[in-house]
Amino acid sequence: MSQRPSIFLARDTYRRRRLRDVARVLPVAGTVLLMLPLTWSGGSGDGAQLNSTAAIYIFGAWLVLILAAAALAGPLSRPETEETGGGDG
Amino acid sequence: MLSFNLLVGIALSYVAILFVVAFLAERRAERGRDGWLRSPLIYTLSLSVYCTGWTFYGAVGYAARSGLEYLVIYLGPTLILVGWWALLRKLVRVGRTQRITSIADLISSRFGKSNTLGVIVTVIAVVATTPYIALQLQSVTLSVSVFAAQGWGEAELQATAFWVAVGLALFTILFGTRNLDVNERHHGVVMAIALEAVVKLFALLAVGVFVVWQVADGPADVLARIDASSQAEWQIGPGRWAGLIFLSAAAVLCLPRMFHVMVVENSDERHLATASWAFPLYLGAMSLFVLPIAVIGLDVMPEGSNPDLFVLTLPLHLGAEGLAFFSFLGGLSSATSMVIVASIALSIMVSNHIVMPIWLSSTGDRASMSGDVRRIVILSRRVSIAVVLSLGWLYFQLSGARESLASIGLISFAGSAQILPPLLAGLFWRGATRIGAGAGLGIGFAIWVYTLFLPGSGLGLPESLMTDGPAGIGWLRPQALFGIEGMDPVLHTVLWSMLFNTLAVFAGSVLSFPSPLERLQGAQVVDVFAHSDSPKGWGQGTAEAEDLLVMAQRILGSAQAHRLFEGQARLQGTAGYLPEVTPDFLHRLERELAGSVGAATAHAMIGQIQGGTSVSVEDLIAVADETAQMREYSSRLEAKSAELTLTAQKLREANEKLTALSIQKDGFLSQISHELRTPMTSIRAFSELLRDGGVPADERARFASIIQDEAVRLTRLLDDLLDLSVLENGQVTLNIAGGSLVDLIDRAMAATERQTTGLRIIRDRDAEAGCLLETDLDRLSQVFINLISNAAKYCDAAVPELRIEVNGRTIDVIDNGSGIPKPSRRIIFEKFSRLSDHAAAGGAGLGLAICREIMEKLGGSIDYLPGREGAAFRVVLPEAQALAAE
């Protein structure tokens with residue numbers, strides 16, 4: 001019974017590289033999320049953004065960033081040596 | 001109300017607990033059981049020195065004044081931590097491989113171990129941190145005054161600040177300078193601030209929970225109250241929001257205390273991964289209840305109370321004295337942990353970059369050999385701590401407690417941020433140089449001092465300068481540079497200082513030329529992940545291992561130094577305790593020393609003994625232009641490989657030719673022996689018959705003529721061989737005579753008449769007649785004889801034809817056979833070549849070889865002419881003959 005070899009050799013390495021890309025993009029994504037308040041109109045008046053909603057948005061974005069970082073932390077900090085065994089191709 | 005004495009008593013016991021924790025941690029670490037002390041959790045908690053008394057008390061005041069703007073202070077660090085993979089990881093790796101002791105050390109080390117830069121960064125750090133330390137003293141003093149009996153005056157406040165400063169100095173000296181650790185790690189201090197981190201977090205959360213669920217009716221009510229308060233609406237200008245997030249992100253990298261806990265005290269890179277989410281979580285928790293406390297404080301507290309102290313006064317006002325007290329401990333923790341770490345970080349910088357270099361130069365050439373360096377380093381650290389704290393206290397005294405907490409904090413942030421451009425340039429750009437970094441730091445620092453520190457710090461500038469500018473130059477007004485008015489002062493400073501700082505770093509770097517050591521260090525820092533091993537900065541020198549050991553002992557301590565030297569000796573396979581002084585060893589020793597006294601000082605000390613660095617060209621090439629070098633190397637390889645391919649190709653061709661020739665020669669030998677043998681055999685046989693007699697006369701005549709014919713054949717063969725050998729050896733005399741081609745070919749045809757019976761020869765006699773010759777006619781006719789007889793022998797057409805075409809000085813001789821196969825064309829002019837094996841030819845394969853030799857001797861040429869229907873040869877008559885033909 002022969003298993004069809006995977007097209008990608010070293011699948012793990014590939015995954016890990018993309019994971020690093022995610023880790024690099026994360027602060028950029030965070031900056032975009034946190035710069036959204038720049039669009040809110042300041043000052044008093046009817047159109048002004050309420051601080052209560054603003055706080056919920058900012059803390060929400062914050063939590064998303066924390067969760068994303070937590071999800072990445074484990075795989076990223078795994079020692080490099082584990083990835084040397086390539087794919088099963 | 002809690003009695004003031006009880007408060008002091010409990011505060012002191014809290015401090016005592018901190019002492020005990022620090023002490024136990026130190027002892028555990030000394031016994032080598034520091035596994036637990038070095039966990040990611042402790043690391044994350046130690047990062048909380050970011051949250052100072054300013055955060056603890058000031059954030060609520062900030063929120064009461066400007067709504068959600070206080071969040072910017074936490075969002076910047078969140079982005080930096082979340083993006084640890086791109087930046088912090090590199091920073092920590094550089095810190096570890098280069099044994100960095102402080103941010104000044106990093107800048108100095110990266111830019112060629114320049115102590116000048118170390119001094120500049122140290123000065124910036126001290127100036128920027130001093131108000132911040134004053135701020136902590138202020139927050140502790142204010143919080144104490146809340147509990148004090150009414151009517152505390154300025155004098156009592158000052159006294160409190162003084163004793164707090166003294167106490168902090170004592171604690172810091174005790175645990176921050178107990179030993180001179182090679183890695184500059186302070187287990188006791190880190191443990192204590194981790195504990196303080198927990199206390200301040202829970203204190204603030206407790207107040208928050210109290211406010212949200214006791215005072216208000218849960219989150220929904222709090223949100224409603226926010227909507228109803230004076231801070232209901234988003235009022236933050238876009239510039240301030242973005243600018244302050246940038247500023248706090250810069251601060252988390254550049255504040256000396258943050259650099260210390262994040263990089264210097266880091267024992268494992270992977271701790272960053274945990275901190276990347278845990279520290280933002282900590283910050284989030286610290287800031288979660290700030291706005292509710294502020295809003296409800298504004299609601300509940302009497303008009304005119306200081307919002308900076310709501311965390312303390314709100315529970316107190318509502319009768320929750322225990323909570324108020326817990327909150328006081330939280331505030332105390334925040335303030336003390338900041339002061340402790342900041343003064344340790346500053347004392348390292350001051351002693352490594354200011355005191356040690358002065359001491360080294362003042363004690364003369366052999367400074368590193370005399371006196372106990374360890375004692376001097378530790379003493380200078382202790383003095384520096386005391387000086388830093390007294391500066392803070394002095395500042396507090398001078399400025400008084402009139403600033404709101406937040407503004408001082410931002411001023412300090414903006415000062416530290418001046419280190420950011422050189423830091424980032426140094427980390428990511430090899431081209432950044434010492435000159436550039438120095439220029440950037442200088443300009444940025446000057447702008448900061450002029451536009452923000454002096455006007456905003458309470459030290460004051462004359463009023464006329466603020467409104468009219470220096471000497472009435474309006475566009476130089478401190479808070480309206482270039483006439484741009486109405487900008488927020490902090491933003492104004494951040495914008496201009498960062499702009500000019502970055503520009504100066506760039507321009508300075510581009511215009512200057514780095515020293516070899518700078519380039520080495522630059523390559524090592526920028527490509528820290530590529531260079532696992534470092535190049536050696538030291539050449540073979542004059543240092544004696546013993547001198548080095550004496551010096552190392554004075555810095556590292558006797559046991560540690562001996563261990564290092566012995567280990568190195570073992571590594572080198574040398575017997576005894578002293579290793580050979582190799583560049584390798586010097587480099588390692590310098591690293592070890594750098595862990596204690598900083599890169600620049602360690603470099604200078606070894607330099608004193610060793611007699612100067614030598615960065616060899618090879619070292620530089622090895623790292624400085626690795627990519628360019630690789631490219632060149634690979635192109636050189638490519639060229640070489642192409643050359644080799646070509647050579648191999650030629651060799652293969654030569655080999656093929658040789659093989660073919662060898663086969664021909666074998667064939668020729670057997671052929672020639674056959675050719676010689678056949679006539680010889682007949683000659684022998686018939687001569688024997690004649691000798692034995694009894695042969696009729698007519699038979700005898702026939703036999704004799706056979707013998708004669710065979711002898712002629714032998715002679716012809718030998719003549720051919722002789723001809724060729726004569727031609728080849730160049731011993732030819734040419735009999736130049738005039739004649740016409742037509743006669744010459746006629747003669748050749750006549751000579752070959754017997755062989756060419758079946759061959760039709762097509763000629764253009766007119767053209768031939770027009771071709772007059774002035775050459776050795778006999779030899780030239782030999783060429784045509786050979787060509788014609790070859791055609792007669794080898795043309796395989798049913799009706800063989802030979803065409804002789806004359807065209808000026810070229811004569812083509814073409815038959816209508818199948819021609820000569822391509823692979824053979826190269827060898828037909830070689831000696832002994834005969835393409836078909838059949839002996840019918842009756843020649844030895846010398847004909848064409850002779851033709852070529854003759855033509856060469858006559859100054860012309862003969863070649864095979866490809867692309868014609870049959871075998872075609874082109875005879876080119878030499879120039880002289882051609883001229884004669886015209």
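This is a predicted model: local features need pLDDT of at least 70, side-chain atom pairs count only at pLDDT 80 or more; totals for chains, interfaces and linings use all residues.
In chain A, the secondary structure amounts to 2 helices and 0 strands. Of the 89 residues in this chain, 33% are buried, and among the contacts in chain A between residues at least 6 apart in sequence, 81% join residues that lie at least 24 apart.

The contact between the chains draws on 36 residues from chain A and 34 residues from chain B. About 3,100 Å² is buried between chain A and chain B, and carbon and sulfur atoms account for 75% of that area. On the chain A side, Asn51(A), Phe59(A) and Trp62(A) together supply 22% of the area buried against chain B, more than any other three residues. Between chain A and chain B there are 0 salt bridges, while 2 residue pairs are in polar contact, both at pLDDT 80 or more. Helices α1 (11-35) and α2 (51-77) of chain A each provide at least two residues of the side that touches chain B, and α2(A) gives the most, with 15 residues. By residue class, this side of chain A consists of 23 nonpolar, 11 polar and 2 charged residues.

In chain B, helix α1 (residues 4-30) comprises 27 residues and reaches 39 Å from its first C-alpha to its last, close to the 39 Å expected at 1.5 Å a residue. The buried residues in α1(B) include Leu7(B), Tyr14(B), Leu18(B) and Glu26(B), together with Ala11(B), Ala22(B), Ala25(B) and Ala29(B). Helix α30 of chain B (residues 697-729) has 33 residues and reaches 47 Å between its first and last C-alpha, close to the 48 Å expected at 1.5 Å a residue. Among the buried residues of α30(B) are Phe703(B), Ile706(B), Ile707(B), Glu710(B) and Leu714(B). This helix is followed by Gly730(B), whose phi is positive, near 75°.

Ser337(B) is located in helix α16 (residues 321-362) of chain B. Because its relative accessibility is 0%, Ser337(B) counts as buried. The side chain of Ser337(B) reaches the backbone oxygen of Ser334(B) at 3.2 Å, and, when neighbours within four places in sequence are left aside, Ser337(B) is in contact with Val49(B), Ile193(B), Glu196(B) and Lys200(B).

Over all chains, the structure holds 19 salt bridges. In one of the pairs, Arg684(B) forms a salt bridge with Glu688(B), the closest N and O atoms being 4.0 Å apart. These two residues are separated by about one helical turn, because they are 4 residues apart in helix α29 (residues 626-692) of chain B. Arg684(B) is exposed, with a relative accessible area of 58%, whereas Glu688(B), at 35% relative accessibility, is partly exposed.

A salt bridge also joins Arg747(B) and Asp778(B), with the closest N and O atoms 3.3 Å apart. This pair links distant parts of the chain, since Arg747(B) belongs to helix α31 (residues 741-751) and Asp778(B) to helix α33 (residues 777-794) of chain B, 31 residues apart. Arg747(B) counts as partly exposed at 39% relative accessibility. In a further salt bridge, the side chains of Arg779(B) and Asp776(B) meet at 4.0 Å, N to O; Arg779(B) is partly exposed at 22% relative accessibility, whereas Asp776(B), at 2%, is buried. Finally, Asp746(B), Arg763(B), Arg765(B) and Glu768(B) are connected in a network of salt bridges.

Definitions and conventions
Residues are numbered from 1 along each chain as its sequence is written. Chains are lettered from A and ligands numbered from 1 in the order in which they are written. Side-chain values use heavy atoms; hydrogens and water are left out. Contact means heavy atoms within 4.5 Å. Buried area is the accessible area (1.4 Å probe) that two parts lose on being put together, summed over both. A polar contact is a pair of N or O atoms within 3.5 Å; within protein, one must be able to donate a hydrogen and the other to accept it, and residues adjacent in sequence count only if both atoms are side-chain atoms. Ala, Val, Leu, Ile, Met, Phe, Trp, Tyr, Cys and Pro count as nonpolar, Asp, Glu, Lys and Arg as charged, and the others, Gly among them, as polar. Buried means under 20% relative accessible area, exposed over 50%, partly exposed in between (1.4 Å probe, protein chains only). The expected span of a helix is 1.5 Å times one less than its number of residues.
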